[in-house]
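Dear colleague,

Please find below the structure that I am handing over to you. My notes on what was found in it follow.

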Amino acid sequence: MTDDPTGTPTRRAALKLLDAVLRRGLPLEAAMDAACGELDRGDDRAFAHAIAAETLRRLPDLDALIDTATERPLPHDAKARFALRIALVQALALNTPHHAAITTVLPLLDGGPRKLVHGVFGTLMKQSATLPDPPRLPETVEKRWTASWGKDAVEAARRSIAAPPPVDLTLKPGLDTALWATRLDGISLAPGHVRIPAGRRIVDLDGYDEGVWWVQDIAASLPARLLASGEGRRALDLCAAPGGKTMQLAANGWAVTAVDLSEPRIERLRENLERTVLTADVVVHDAESFTAPAFDAVLLDAPCSATGIFRRHAEVLYRATPRVISDMHVLQSRLIDHAASLVAPGGTLIYAVCSLEADEGEQIAKGFVARHNADWALDPIVAEDLPAGFAPDKVGRLRVRPGSVAEQGGADGFFIARFRRRS
Ligand SMILES: C[S@@+](CC[C@H](N)C(=O)[O-])C[C@H]1O[C@@H](n2cnc3c(N)ncnc32)[C@H](O)[C@@H]1O
């Protein structure tokens with residue numbers, strides 16, 4: 001594409017990324033290699049990613065602006081709409097000069113409605129259009145979350161999608177948390193936790209090479225914190241990759257078996273164990289059919305819609321259709337039943353999902369107890385089990401919703417329940 005203006009290949013990559021995410025349902029990170037094949041430079045790839053990620057964070061507001069400036073609404077999958085989203089997000093959220101934002105995008109419409117796109121962009125710039133602060137979430141998500149968690153949670157979710165969230169690190173046990181918070185120029189919300197601002201290169205940070213910490217949102221660290229120290233007892237981490245909870249359990253004295261279906265993700269788990277000098281028995285297997293002698297504890301971090309990680313991966317809000325959520329509910333019900341069959345009498349089962357959908361959290365916990373009432377009981381989580389800022393619900397399960405620890409930078413959405421098998 002030698003006659004493209006400078007910068008157009010980056011915008012073409014951003015267009016391919018958005019197409020992969022919004023039309024083909026891929027995660028943004030998974031689409032990077034194929035979409036950015038034309039780009040040799042790391043900073044061009046990073047900018048293509050930034051354009052796509054910012055577009056996804058701002059999509060409802062970008063589309064609403066576009067609709068104010070067209071006579072008839074453009075179809076949602078029209079190339080002209082994709083091109084306008086990319087031009088507008090640069091001009092209105094990424095500080096790209098207006099001229100550069102549009103001239104680099106027009107060549108993407110080879111043989112298409114360039115005049116229309118140029119005209120709509122020009123009209124909006126003349127009107128000094130702006131994007132609202134905080135951004136809106138997709139309407140269907142706002143309705144669903146308002147019904148489940150209330151208006152304040154939706155307001156908090158809007159505020160928290162506005163910018164990339166901070167990054168949390170889990171320290172190996174026995175380290176001085178305050179010292180590491182200072183060394184990493186961060187803050188701590190709990191023993192063994194350090195929070196640093198977004199945007200730092202993780203591999204350059206103090207302690208990375210020595211493997212004394214790993215990246216893990218504070219909410220994602222809570223399920224393993226709900227198990228006492230292992231003292232050599234056996235724990236099964238089901239759906240374990242890339243290994244955040246495996247590392248917590250292994251570091252806390254459990255003899256861990258880590259099971260995951262995905263070979264590439266298990267590879268990352270192995271690398272993480274190697275870097276942190278921790279050990280686990282690692283097995284590539286479907287969790288639904290995995291068998292072994294019963295364990296003292298089983299942690300099931302079930303596959304889910306992942307709507308709890310919307311602050312980092314806004315595309316989850318578009319992928320989590322009602323159909324996906326209901327399919328996940330069915331899979332999670334089967335997985336929790338199988339996980340329970342692997343727990344020894346008197347043992348503990350932890351169920352966790354990084355989802356903000358009650359159907360994947362509260363409803364799974366309720367269904368499990370209803371089906372297995374004779375052998376199992378909820379083991380209520382109490383305030384003392386949790387870091388400041390997190391509180392169990394009235395029956396003793398933990399729902400981390402938007403707005404939790406907001407003043408300190410928030411947390412991923414999560415649901416966690418702990419159950420005890422009767423002896
Ligand atoms: C939420 S992620 C797990 C995160 C992990 N527990 C951690 O703390 O790093 C869910 C995982 O479930 C795995 N998975 C999905 N379906 C599975 C199945 N049927 N059996 C085993 N693993 C599965 C995925 O490969 C993915 O790694």
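Helices (H or I, at least four residues) and strands (E, at least two) are DSSP runs, numbered from the N terminus. Residues are numbered from 1 along each chain as its sequence is written. This is a predicted model, in which local features need pLDDT of at least 70 and side-chain atom pairs count only at pLDDT 80 or more, while totals for chains, interfaces and linings use all residues.

Overall architecture

The secondary structure of the protein comprises 15 helices and 11 strands. Along the principal axes, the C-alpha atoms fill a box of roughly 75 × 45 × 40 Å. The radius of gyration, taken over C-alpha atoms, is compared with a globule rule of 2.2 Å times the number of residues to the power 0.38. For 423 residues, a compact globule would have a value near 22 Å, and the 23 Å of the protein agrees with this.

A residue is termed buried if 20 or more other C-beta atoms lie within 10 Å of its own, exposed if 12 or fewer do, and partly exposed in between, with C-beta atoms placed from the backbone. On that basis, 45% of the 423 residues count as buried. Two residues are in contact if their C-beta atoms, placed from the backbone, lie within 7 Å. Of the contacts with a separation of 6 or more, 68% are between residues 24 or more positions apart.

Domains

The domain assignment, whose bounds come from an automatic or database source, gives domain 1 (8–126), domain 2 (166–215) and domain 3 (218–421). The C-alpha centres of domain 1 and domain 3 are 36 Å apart. Their contact draws 8 residues from domain 1 and 5 residues from domain 3. On the side of domain 1 that touches domain 3, the elements giving two or more residues are α1 (8–23) and α3 (42–68); α3 gives the most, with 3 residues. This side divides into 6 nonpolar residues, 1 polar and 1 charged, where Ala, Val, Leu, Ile, Met, Phe, Trp, Tyr, Cys and Pro count as nonpolar, Asp, Glu, Lys and Arg as charged, and the others, Gly among them, as polar.

UniProt, in an unreviewed entry, lists residues 137–422 as "domain: SAM-dependent MTase RsmB/NOP-type". UniProt positions are given here in the numbering used above, feature names are shortened, and annotations may be inferred rather than shown by experiment. Over residues 137–422, the chain is 33% helix and 21% strand, and the end C-alpha atoms lie 43 Å apart.

Ligand shell and annotated binding site

A residue is near a molecule if its C-beta atom, placed from the backbone, lies within 6 Å of it. The ligand is surrounded by 18 residues, of which the closest are C239, G244, L261, A287 and D301. The shell divides into 9 nonpolar, 3 polar and 6 charged residues.

The unreviewed UniProt entry places the feature "binding site" at C239, A240, A241, P242, G243, G244, K245, D260 and D301. These positions are spread over 63 residues of sequence, yet they cluster in space, with a largest C-alpha distance of 12.7 Å.

Two of these positions may be described further. K245 is in helix α11 (residues 244–251) and is buried, with 28 other C-beta atoms within 10 Å. Residues up to four places away in sequence not being counted, K245 touches P223, A224, D237, A240, L299 and D301. D260 is in strand β5 (residues 255–260) and counts as buried, with 27 C-beta neighbours inside 10 Å. Outside four places in sequence, D260 is in contact with C239, A240, A241, R265, I266, L269 and V284.

Backbone geometry

Most residues other than glycine have a negative phi, and most peptide bonds are trans.

- A cis peptide bond joins D133 and P134, with omega about 0°; P134 is in the loop between α6 (114–126) and α7 (139–149).
- A cis peptide bond also joins A241 and P242, with omega about 10°; P242 lies in the loop between β4 (234–238) and α11.
- V277 has a positive phi, near 55°. V277 is in the loop between α12 (263–276) and β6 (281–284) and is exposed, with 12 other C-beta atoms within 10 Å.
- V405 has a positive phi, near 40°. V405 is in the loop between β10 (398–400) and β11 (414–421) and counts as partly exposed, with 18 C-beta neighbours inside 10 Å.

With kind regards
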